[in-house]
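Please have a look at the model first.

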Amino acid sequence: MGSEEEPSQVRRALVDSLAGAISGGISRTVTSPLDVIKIRFQVQLEPTTSWGVLQRDVYGPSKYTGLLQATKDILREEGLPGFWRGNVPALLMYMPYTAIQFTVLHKLKTFASGSSRTEDHLHLSPYLSYVSGALAGCAATIGSYPFDLLRTILASQGEPKVYPNMRSAFVDIIKTRGVQGLYSGLSPTLVEIIPYAGLQFGSYDTFKRSMMAWNRYKYSHLNLGSEDDSVSSFQLFLCGFAAGTFSKAACHPLDVVKKRFQVSNISLQIEGLKRHPRYGARIENSTYKGMYHALKEIVAKEGFGGLYKGLFPSLVKSAPAGAVTFVAYEYISDWLESILM
């Protein structure tokens, strides 16, 4: 019995990891332009909207002031490749991240429900769905964090580049900060990802259960034929879209603090993040001493609005990214199950 179950568990893990990696890669590549814009907003000290004009006496003119304006500027100055800057390390980060996340998530839900069947996982209490998502996100973050750091550095540097490629950034960080430099900002990242992943997966399961209940009601009360609670691709897309929007809106301030902390703690140059002056004030390598200090400094110098810089492109990116990831995972997982299980 044990010898039969072991290969099945290995195949199940293979299905989850492959489906997670592929769906993550698709989602990440499609939404890369919005992610680049979001990061540029987040690491810009100057106001990113016209209502922040009162803060201009603190830093000076803003490089990016809106989604459309930022899109035009990046396209004019860096061309189309500028929208996929940092996409290789992002893929190297996101594909292992989603592979680990979905694998750990399925394992945790199997343990909690006593069954490896995906259908049985939907009967778990919402509380367990949120906790499983949070733990899976934590494990995935630790496993893929160095690539997240490199992606942030490459996407935020602008033109002229400090680092021409991922290898040069990696070598410089190792030389100046050692291996621990690759994990700079890990603590605030975990503080962000635990509630974010918990909310994303927990709310996705909640929305999916609600959609299945609606389908049962529709078929049983509206005389639309035999009862069927299966969820369509469009309904899965809506569930993923809603989950991505909700979780990102709730956790965006933590993401801003994380990005600032990552950039300020990397010695790109002795003076800090040495971008061209047109990209605004530098984030010096001694700007933030910790996550709480970064939070206080952002609020003190930029107001509470500083914690929501890049929110709009972040939502525009996270909503479809969540939808694409979940829909792609569901279908790729079913396809792989038909081949491997």
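Predicted model: local features only at pLDDT ≥ 70, side-chain atom pairs only at ≥ 80, totals over all residues.

Let me start with Gly310, which counts as buried because its relative accessibility is 5%, where buried means under 20% relative accessible area with a 1.4 Å probe and protein chains only. Residues are numbered from 1 along each chain as its sequence is written, and side-chain values use heavy atoms, with hydrogens and water left out.

Gly310 sits in the loop between α11 (291–302) and α12 (311–340), helices here being DSSP runs of H or I with at least four residues, numbered from the N terminus. Leaving aside residues up to four places away in sequence, Gly310 touches Lys38, Phe41 and His252, a contact meaning heavy atoms within 4.5 Å.

Turning to α7 (residues 126–156) and α8 (residues 166–177), these helices pack at about 110° with their axes 10 Å apart, the axes being lines fitted to C-alpha atoms over the stretch in contact, with angles from 0 to 180 degrees between N-to-C directions. The two are therefore roughly perpendicular, a label covering 65 to 115 degrees. From α7, Phe147, Leu149, Leu150 and Leu154 meet Met166, Ala169, Phe170 and Ile173 of α8.

Finally, the axes of α9 (residues 186–221) and α12 come within 12 Å and cross at roughly 65°, which makes α9 roughly perpendicular to α12. Gln200, Phe201, Tyr204 and Lys208 of α9 make that contact with Gly322, Phe326 and Glu330 of α12.

How values were computed: Buried < 20%, exposed > 50% of the residue type's maximum accessible area, 1.4 Å probe, protein only. Parallel < 35°, antiparallel > 145°, perpendicular 65-115°, else oblique.
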